[in-house]
Amino acid sequence: MGFDFQVRADGSVVITHHGRQATVLRGARAAEFLEAVASDPQGTMARWTGNYKHGNERAAKEHPRNRQ
């Protein structure tokens, strides 16, 4: 999905999407993120940046172009 993250020396976490900064987490949120990212890194980063389930997934599934 194109997400990556880096932990800075001050403890903050920078999440990038395709090389562009998506969000910066600091303090308790950064620590909580680092615990959650171990299980499913790409899905976790998508949820934490807000780039997750926009509501059109069902409509896109039914589109003729996407039918198999």
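## Definitions and basis

Helices (H or I, at least four residues) and strands (E, at least two) are DSSP runs, numbered from the N terminus. This is a predicted model, in which local features need pLDDT of at least 70 and side-chain atom pairs count only at pLDDT 80 or more, while totals for chains, interfaces and linings use all residues. Residues are numbered from 1 along each chain as its sequence is written, and side-chain values use heavy atoms, with hydrogens and water left out.

## Overall layout

The protein chain has three helices and three strands, in the order β-β-β-α-α-α from the N terminus. Of its 68 residues, 24% count as buried, meaning under 20% relative accessible area (1.4 Å probe, protein chains only).

## Helix H2

Helix H2 spans residues 41-49, and its buried residues are Gly43, Thr44, Met45, Ala46 and Trp48. Their cover includes strands E1 (3-7), E2 (13-17) and E3 (20-25), and helix H1 (28-36). After H2 comes Gly50, which has a positive phi, near 90°.

## Nonpolar core

A nonpolar core is a set of buried Ala, Val, Leu, Ile, Met, Phe, Trp, Tyr and Cys residues joined through side-chain atoms within 4.5 Å. The largest one has ten residues: Phe3, Val13, Ile15, Leu25, Ala30, Phe33, Val37, Met45, Ala46 and Trp48. E2, H1 and H2 each contribute at least two residues to this core, and H2 provides the largest share, three residues.

Leaving aside residues up to four places away in sequence, Val37 touches Phe5, Thr44 and Met45; contact means heavy atoms within 4.5 Å.

Notes. Buried means under 20% relative accessible area, exposed over 50%, partly exposed in between (1.4 Å probe, protein chains only).
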